[in-house]
Amino acid sequence: MGIISHRHASRLLVHSLFVNALKRSASTTAFHSTAPADPIPSADDSQSLAAHYFPTEPDLPRLLTSVPGPRSVEKLRSLDKIYDTQAAYMLCDYQNSVGNYICDADQNLYLDVYAQIASIALGYNNPVLTTAAQSPEMIDALVNRPALGNFPSTLWEPILRDGILSAAPKGLDKVWTSMSGSDANECAYKAAFMYHRAKQRGNANDFSDLERQTAMENTSPGSPDLAILSFEKAFHGRLFGSLSTTRSSPIHKIDIPAFNWPKAPFPALKYPPDQHETENRAEEDRCLTAIETILHEWKSRISAVVVEPIQAEGGDNHATPYFFQQLRKLTKQHSVLLIVDEVQTGVAATGTFWAHEQWNLDTPPDMVTFSKKFQAAGYFYGNDELRPSLPFRQFNTWCGDPSKAIIAREIVKEVRAHNLVARTSQVGKYLYKQLEELQRTFPQLMQNLRGKDRGTFIAWDATDLQTRNKILKDMKGAGVNIGGCGAYSVRLRPGMTFLLLNW
C-alpha cells in the first residue's frame, strides 16, 4: 500500500508549494522562484480515485495573472454594488473548477485545501453528484420543493433512510432536517428546552393559561428562564440562539442582543499532546471542575451542553477523549442533555465518520448536529421524548431540503464504495508527517501543529495575526487556497478526494 496523489499535485502541495510559500513569509523580500523545492519523487497514480473522478484534473496549480487578477477585481467591484463582498476571498468560476482545484474569474486554478470552509466532500464537479443532480428525482425535488412538515413527499422516507440516516451515529436513529448548521443547532436547542419543560410538566400535553399568556409577552413561565452551556472559543452559528453560544470572535456578536447563557473554559492543551500528558490532564480537570460549578450554581436551569469535538473556527482547539468522557458523565449526573456539534468535524474529516466516535462514550450524545460536507443539515437523536408531543413546535416552511438530502445520500454511498473514511485517516497520517518536517524547517512560522490521528483536520499557529495573514496570502500566490481560524492559526480542510491512497 503506497501513498499516491490525485496526479502528483498534492505531494507538491505538502512539500514544494508549502515550502515556497513559507519561504516567502519568512523573508522580508518576495521569494520569486516558482521551481519546485525538493519535490517528492513521483509515483504511479494510475489508480488514483481522484483521477477516476476527474480525468482532466491538472497536475499543478495554474496561475495566469497576479492574485487577485484584473477580471476578478473588476467583477467583484461590480458585484459589490448590489451584494456585500467585504468578506470575499476570491470570485470563483465553478464551471471550470475541477476536483481538488478551484478556478477564479481570471482562470487561475488553485489547489483547494479549504474546500468552501470545509464543505466540499468529493471535489468540484464530481461526476457522481452531477449525475444525481440531473436525475428525475432531483428535478422533482427542485421544481416541486415540498414544505416538508406539512406535505412530505412519498420519496422522503427512502431518501432519508438510504442516505442521512444510514450514516447516523451509533444509538441515534432519528433525524430532524434543517437549512444550515446554525439552524441545526438552533433546532437542537429548541428540542432540549421543550424536552426539559415537558419533563417538568410530567409530559402533559396541555399548557396552562398563564403559560400561554406569558409566552406571548416573552416572560416566564411561558418563556422560561432556561440556558444552553457552551465553551470559550466555541462556534455554533450566527442565528440568535446559536450566536448566544458562539464565543469565537467579537465580530460575530457585536451589536446583536444575546441570551445571558453561561460559558465554560475549554481545555488549552499544549502540543504535541503526547509530550505534555501531565499538564494537559491538569488543564482538562481544571475545566471539568469549572463546568461542574456552573452546572451547580448558574442562576437559571441549564437544559443542555453544546460542544464541538474540535473547536474549528475558534482555532482548532482539541481535547482528549478523557475530557469528553468526563463531560458526558457530568451531563448525565445533572440531567443535562449533551449536544455534539459535528457541523465541521462530521463526514469523515477526522478519520472517523463522526469525530465523537473517537471518544468511546459509554452512552451516546443526546443529539448530534451536522451540515457542511453532508450538504444537508439537521440533527440526529434517539430518544423519542426529544420529539415535541404536539405539531408545529419544531417547524418552519421547508424543514430541510430534499435536493440536499439526495446529494447527502450520494456522498454516503461514495464514502462507503471507496472506503473514504479509512483513506482520509491514512491521508491525514501522511500529511501530518510531512507538515512535521516543515514545522522543523520553519519553526518561526509553524508552531503547535495539531490534528495528529484526526484525519486531514490539521492546523498550526503562526506567531501573530499579521504573520498568519501573510502565510495565507503567500499560499494563494503559490497556487494554494487555504484558510485561517482562531486568533492566528492556519487550517487545512480538504475534501476526501485529496491526496488519496492507492490500495
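**Close-up 1. Arg161 and Glu157 in helix 7.** Arg161 and Glu157 both belong to helix 7 (residues 156–162), where they stand four residues apart, about one turn of the helix. In this predicted model, the two residues form a salt bridge whose closest N and O atoms are 2.7 Å apart. Arg161 is exposed, at a relative accessible area of 53%, whereas Glu157 counts as partly exposed at 48%.

**Close-up 2. Arg286 and Glu283 in helix 11.** Helix 11 (residues 277–297) holds both Arg286 and Glu283, which are three residues apart, about one turn of the helix, and whose side chains meet in a salt bridge with an N to O distance of 2.9 Å. Glu283 is buried, with a relative accessible area of 16%, while Arg286 is partly exposed at 45%.

**Close-up 3. The salt bridge of Arg493 with Asp316****.** The closest N and O atoms of Arg493 and Asp316 are 2.2 Å apart. Arg493 lies in the loop between strand 15 (489–492) and strand 16 (501–502), and Asp316 in the loop between strand 7 (301–307) and helix 12 (321–333), so the pair ties together parts that are 177 residues apart in sequence. Arg493 counts as buried at 2% relative accessibility, and Asp316 counts as buried at 0%.

**Close-up 4. A network of salt bridges****.** Glu137, Arg409, Glu410 and Lys413 are linked to one another in this network; a search of the whole structure finds 18 salt bridges.

**Close-up 5. Pro55 in a loop****.** Pro55 is placed in the loop between helix 2 (49–53) and helix 3 (70–79), and counts as exposed at 54% relative accessibility. Between Pro55 and Val98, which are 43 residues apart in sequence, the C-alpha to C-alpha distance is 9.5 Å.

Terms used. Residues numbered from 1 in each chain as written. Predicted model: local features only at pLDDT ≥ 70, side-chain atom pairs only at ≥ 80, totals over all residues. Heavy atoms only, no water. Helix = DSSP H or I, 4+ residues; strand = E, 2+ residues; numbered from the N terminus. Buried < 20%, exposed > 50% of the residue type's maximum accessible area, 1.4 Å probe, protein only. Salt bridge = Lys/Arg side-chain N within 4 Å of Asp/Glu carboxyl O.
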